[in-house]
Amino acid sequence: QPITNHLPTAELQALDAAHHIHPFTTQSELAGKGARVITGARGVMLRDSEGQEILDAMAGLWCVNIGYGRDELAEAAARQMRELPYYNTFFQTTHVPAIALSAKLAELAPGNLNHVFYAGSGSEANDTNLRMVRTYWAERGKPEKQVVISRWNAYHGSSVGSGSLGGMKGMHAQGGLPIPGIEHVDQPNWWAEGGDMSPEEFGLERARQLEAKIDEIGEDRVAAFIAEPVQGAGGVIVAPDSYWPEVMRICRERDILFIADEVICGFGRTGEWFGSQTLDLTPDIMTIAKGLSSGYQPIGASIVSDAVAEVIGNCEFNHGYTYSGHPVACAVALENLRILEEEKIVDRVREDTGPYLRQKFEALTDHPMVGEAKIVGMMGSLALTPDKSARAPFAADAGTVGFMTRERCFANNLIMRHVGDRMIISPPLVISKTEIDTLIDRAWRSLDEGM
Ligand code: PLP
């Protein structure tokens, strides 16, 4: 019998358990219950093999910005597959989807970011960035400028290069990460690490760690600093207001490149096209993926400034992926951008549904378990705590309460993620006010059931 949606759930789960290794999953988590089988989706709602409707407050993995089930994207993919399903842009050829998408991205991206290098994912794009910034300085006659500074608890991908750029200690513990030439400074997470400092003092202290690290390594050995405008997978950590202006000053004064990893923050998530616009950052390179195609096709890219592109364009950059600028992925991304633009989805996040979500989400701090609620546009997090005034962690192992809360959300047909004891959301940007009410009701109920 073919394996289709029509098989009983238990049979699908047994086959899944027998043959499928899930990413970032302890397989024993699934023992006895099996993975939930998702069979379809529309708007912000997923459907599982038992016919349950689940509100996806994570937009898949922070990516389905325009929501599920848009036929226009399926049609764009089918059209492109018929016309030119594959060709590369390596050896003096190009194609219309790559040309059109590059021009569109240059128009949308801020400042002098006008040049696009494609990849198949965010991880691949960050691997590109690592090699590109090192090549940039070598070509400029400064081959010693090779070290890239990142932050602990940052997430920049899962490949060896991008996982090393990331600051996830659990990832570093497996498979020989980080590779040499990457250094980390502390994250600006005031709730967990701010101690007695005010958020503003703490923001400055954390920014100045970057300057101290540059001094320690030597300015002539540092190529770049990479950071997410708002740390996503680290728990939606929003830096205090004092942090970013100081970081920008340091990058400029110390002559190091700044890479903004916009894989989550890009394409409307923060209420502007890019998180760099919301936070007034001036990157030399931006990493993009996820919302670029709303997840309908795997695609990532680096958008590069005129100055960096001029240097890289004048050497042979020995780098590229078979699927760099895949025509079907580019065509789908273009259609996705058309929908974001024509339906004014980014404006709605900034002016209408974003403020509505903020008001409802911040009201969750009335719940006894919620210490702080942080939200920028449509990415938010709740810090769970047994004692709000002390900003205290739970006595149980870090993350246990978060994990149990996530399990209860799941049982209540709400997908929220937990990072330690922070609960996070990143819903499709098309979520309606009624659906926001449902999200908040289910979150409140799931918190209450844990009291
Ligand atoms: N950068 C950030 C900020 C991310 O959140 C992610 C994925 O979650 C990545 C990079 C890696 O992207 P991908 O999973 O497409 O390789």
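Mentor: H9 and H10 are roughly parallel to each other, because the angle between two helices counts as such when it is under 35 degrees. The model is a predicted one, and in it helix H9, residues 199–217, packs against helix H10, residues 243–253, at an angle of about 20°. Their axes lie 8 Å apart. The crossing in which H9 passes H10 is right-handed. On the H9 side, the contact is made by Gly 203, Leu 204, Arg 206, Ala 207, Arg 208, Leu 210 and Glu 211. These residues meet Tyr 243, Glu 246, Val 247 and Ile 250 of H10. Sorted by class, the contact of H9 with H10 comprises 6 nonpolar, 1 polar and 4 charged residues.

Helix H4, residues 96–108, and helix H13, residues 327–342, pack at an angle of about 40°, and their axes are 8 Å apart. H4 and H13 are therefore oblique to each other. The crossing of H4 past H13 is left-handed. From H4, the contact draws on Pro 97, Ala 98, Ala 100, Leu 101 and Lys 104. From H13, Pro 327, Cys 330, Ala 331, Ala 333, Leu 334 and Leu 337 take part. The contact of H4 with H13 divides by class into 10 nonpolar, no polar and 1 charged residues.

The surroundings of the ligand come next. The ligand is surrounded by 16 residues, of which the closest are Ser 121, Gly 122, Ser 123, Gly 157 and Val 263. Helix H5, residues 122–139, gives the most to this shell, with 3 residues. By class, the shell around the ligand holds 6 nonpolar, 8 polar and 2 charged residues.

Tyr 68 is found in the loop between helix H2 (59–62) and helix H3 (71–83). Tyr 68 counts as buried because it has 21 C-beta neighbours inside 10 Å, where 20 or more are required. Leaving aside residues up to four places away in sequence, Tyr 68 touches Ala 41, Arg 42 and Gly 43. Between Tyr 68 and Arg 42 the separation is 26 residues in sequence, while their C-alpha atoms are 4.6 Å apart in space.

Methods. Residues numbered from 1 in each chain as written. Predicted model: local features only at pLDDT ≥ 70, side-chain atom pairs only at ≥ 80, totals over all residues. Axes fitted to C-alpha atoms, helices over the stretch in contact; angles between N-to-C directions. Helix = DSSP H or I, 4+ residues; strand = E, 2+ residues; numbered from the N terminus. Parallel < 35°, antiparallel > 145°, perpendicular 65-115°, else oblique. Left-handed = near helix turned anticlockwise from the far one by under 90°. Contact = placed C-beta atoms within 7 Å. Nonpolar A, V, L, I, M, F, W, Y, C, P; charged D, E, K, R; others polar. Near = placed C-beta within 6 Å. Buried ≥ 20, exposed ≤ 12 C-beta atoms within 10 Å, placed from the backbone.
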